[in-house]
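The following note sets out points for the file on this entry. Please read them beside the model.

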Amino acid sequence: MEYAVLGRTGLKVSRLGFGCMRLPMKSGTEVDRDKAIPLLRRAVELGVTYFDTAVGYCGGDSERVLGEAMEGLHDRVVLSTKNPHYDKRDKAGWWRNLEDSLKLLRMECIDVYNVHGLNYEGYESCFAGPDGLYQELAKARDQGLIRHICHSFHGSVESLKKMVDTGLFESVTCQYNLLDRSMEEGIAYAAEHGRGVVIMGPVGGGRLGYPSEKAAELVGQVKSTPELALRFVVSNPHVTLALSGMSDMRMLEENVATVSRAGKLSADDHARIADAIQERKQLLGLYCTGCGYCMPCPEGVDIPANFEILNLERVFGLTEHARSRYAALGGKAALCRLCGKCVEPCPQRLDIPARLAEAVAHLDERAGSVTGWGELRGASAAEYGLLNVALRYHLKNFTDRPQKVRVQFQPHGEDQVVPVRCEFRDLKAYGRRHKDLRLMVRPPLEALTLDVLLVCDGSHVLEHLHHVVATAARTEGYELGVGARRPGSLHVPSPLHPAYATGQPVRGHSFDFAVAYDDEKLYVHVDAEDDLCCPARGPLGRREKADNLRIFLDGRIPRQIGHGGYETGVMHVTVYPPGAEGGEPLVRTSNEAAVDVKLARTPVGYRVDCAVPWAVFSQVAGRPDVIGFDLALSSYDEQGNDVLRLSWTGRSGQERDPGAFGKLLLV
Ligand code: SF4
Ligand code: SF4
């Protein structure tokens, strides 16, 4: 193992660090201790001395496991963690995080204490000045609770340089890898000014963590892409150490061998690899710098993300990995309708629509077919008690030649659709068109199903469009906490619940879900039946595991519902039942919005009634017409083990299938 000094901290650390964000897991919130603890201790035996964690890693369990694994080894290792608290009005919250971390890590003094994700703008608004949180960091250091004040960073080179210029932080942890070299100049500046430089994501957040022959072809002296990626980072003379999120023994041993290997890459080798990759990207017409000048695409295509994924396939030969990344991407290349608006702003003069067609051909599982999908756009009351549902039908040509397509729509039961058929005469290769439809349906509406017959290239294909739907009616004078079961509830589980489809056991577990709205707020009423439901055991800290109900609301434009990128327009309300009868529930919201909640115990579970102001969905002006929803119940046993984690989408762990989201139509 190689060692280096972590900038001004003076700490001698291994050049391979252990990033504890991808430890083997038993469930979404519980690390598999039988695997993780031997792995962490073996890393120490192999000479790894730097371990990095954070509040919230591994569903909040990472710090605790690291503390357990490092018991008795503190004199041999350097432990680093991160505090994500930015609210300078709530200093007690900041201290609570520090106290929790000390307790979980089983330390009296944390070696490297980072502000989580701090850029210069965040520093100025929350940490600088006499009332800023930096004062708390300094106090904690004076009290001997932390040894070195550091920060992790996401932001621009300029912002990093300004952080260095504050002179207040001893090391920085930031992203840098073969695919994303944008921080190279900032890293050099930090190192030249005596800061330790810790790199997270040296293998591109796992993107380069797969073997590929193309990697060896590129430079001829490495065996695999992960090795190339790690050596590339470590051979940068400004990098002190690279953190790798290792989840098994093989990965650990290979990484240790890579960083220990004699004849490490020289600065010349480093430059040569960078040039070889750039040349290859240019050769393939894929030299996208990620500048984002082509964005936003009116159809929601995430152009740089598609190119980054395509590069994995074309430049590094990581086909399977690229396909799975593409499958999980929100703004897929498939959404492109070849309008050409993005071409002119691109400084690299990339033929964006052609490259996106390439992405579709290589990465989209629908390549070679013509396929359609539906997008719910709203609903209104019609005559005779019917509902008018607006649905946009999208048709995409995933083939490399123009197509003539006839489409026939077939509603179910007594539902009606207008029009019932249409024709797309000249659907360009990789082109996309749409048709707006009106469906007349009879409430109550729990599911909307439409069969679609596509006729093209002499063949007939029957597709089923299926949406799980709840309708929300306008109301005046809604009172929270009044009424047992609201009328018009959608009952879950039903045969629609994905858990039934998979045969997964569902023990006495269901929801009734009803929604209403007015000009100010959305009112969500959930009646949960759960035989495992029990209130929190004792007072709740920030990271205690206690039974809870989470309501997930996605108020973005319809085509984004359920896809990644939850920064705006999306919120969670998490309700923890009170410990004692008559007590107040604990309510947490994802974006600090003021949400009123009333909670009542019922003989079989609990009932939650909450009022969410429209302002939380600020991505759209006014109120959205369609809102994606998901409900999740989590239960824990006395030991804090996760015993039930079931949601409307049937998701386990962190996976979320956008197609399985329920849709709320505001009528
Ligand atoms: S050509 Fe495609 S990617 Fe570019 S702006 Fe138009 S729809 Fe979006
Ligand atoms: S403008 Fe060009 S280089 Fe910049 S992100 Fe878009 S495609 Fe990439």
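1. With 16 C-beta neighbours inside 10 Å, how does L338 count: buried, partly exposed or exposed? L338 counts as partly exposed, because it has 16 C-beta neighbours inside 10 Å; a residue is buried if 20 or more other C-beta atoms lie within 10 Å of its own, exposed if 12 or fewer, and partly exposed in between, with C-beta atoms placed from the backbone. The phi angle of L338 is near 60 degrees, a positive value in a residue other than glycine. L338 belongs to the loop between α13 (319-328) and α14.

2. Basis of the note. This is a predicted model, in which local features need pLDDT of at least 70 and side-chain atom pairs count only at pLDDT 80 or more, while totals for chains, interfaces and linings use all residues. Residues are numbered from 1 along each chain as its sequence is written, and chains are lettered from A and ligands numbered from 1 in the order in which they are written.

3. Overall content. The chain holds 15 helices and 31 strands; helices (H or I, at least four residues) and strands (E, at least two) are DSSP runs, numbered from the N terminus. Of its 667 residues, 44% count as buried. Among contacts with a separation of 6 or more, 69% come from residues 24 or more positions apart, a contact being a pair whose C-beta atoms, placed from the backbone, lie within 7 Å.

4. R349 is exposed, because 10 other C-beta atoms lie within 10 Å.

5. Ligand 1. The shell around ligand 1 comprises 15 residues, the closest being C297, C336, C339, K341 and C342; a residue is near a molecule if its C-beta atom, placed from the backbone, lies within 6 Å of it. Helix α14 (residues 352-363) gives the most to this shell, with three residues. By class, there are 11 nonpolar, one polar and three charged residues, where Ala, Val, Leu, Ile, Met, Phe, Trp, Tyr, Cys and Pro count as nonpolar, Asp, Glu, Lys and Arg as charged, and the others, Gly among them, as polar.

6. Ligand 2. Around ligand 2 there are 15 residues, and C288, C291, Y293, C294 and C346 are the closest. Helix α12 (residues 303-314) gives the most to the shell, with three residues. The shell has 11 nonpolar and four polar residues, and no charged ones.

7. Packing of α12 and α14. The two helices pack at an angle of about 55 degrees, with their axes 10 Å apart; axes are lines fitted to C-alpha atoms, for helices over the stretch in contact, and angles run from 0 to 180 degrees between N-to-C directions. α12 and α14 are therefore oblique to each other, since angles under 35 degrees count as roughly parallel, over 145 as roughly antiparallel, 65 to 115 as roughly perpendicular and the rest as oblique. On the α12 side the contact is made by I303, N306, F307, I309, L310 and E313, and on the α14 side by I352, R355, L356, E358, A359, H362 and L363. These residues divide into eight nonpolar, two polar and three charged.

8. Cis peptide bonds. M295 and P296 are joined by a cis peptide bond with omega of about 0 degrees, and P296 lies in the loop between α11 (267-283) and α12. The bond from V418 to P419 is likewise cis, with omega near -10 degrees; P419 is in the loop between β16 (416-418) and β17 (421-427).

Conventions. Contact = placed C-beta atoms within 7 Å.
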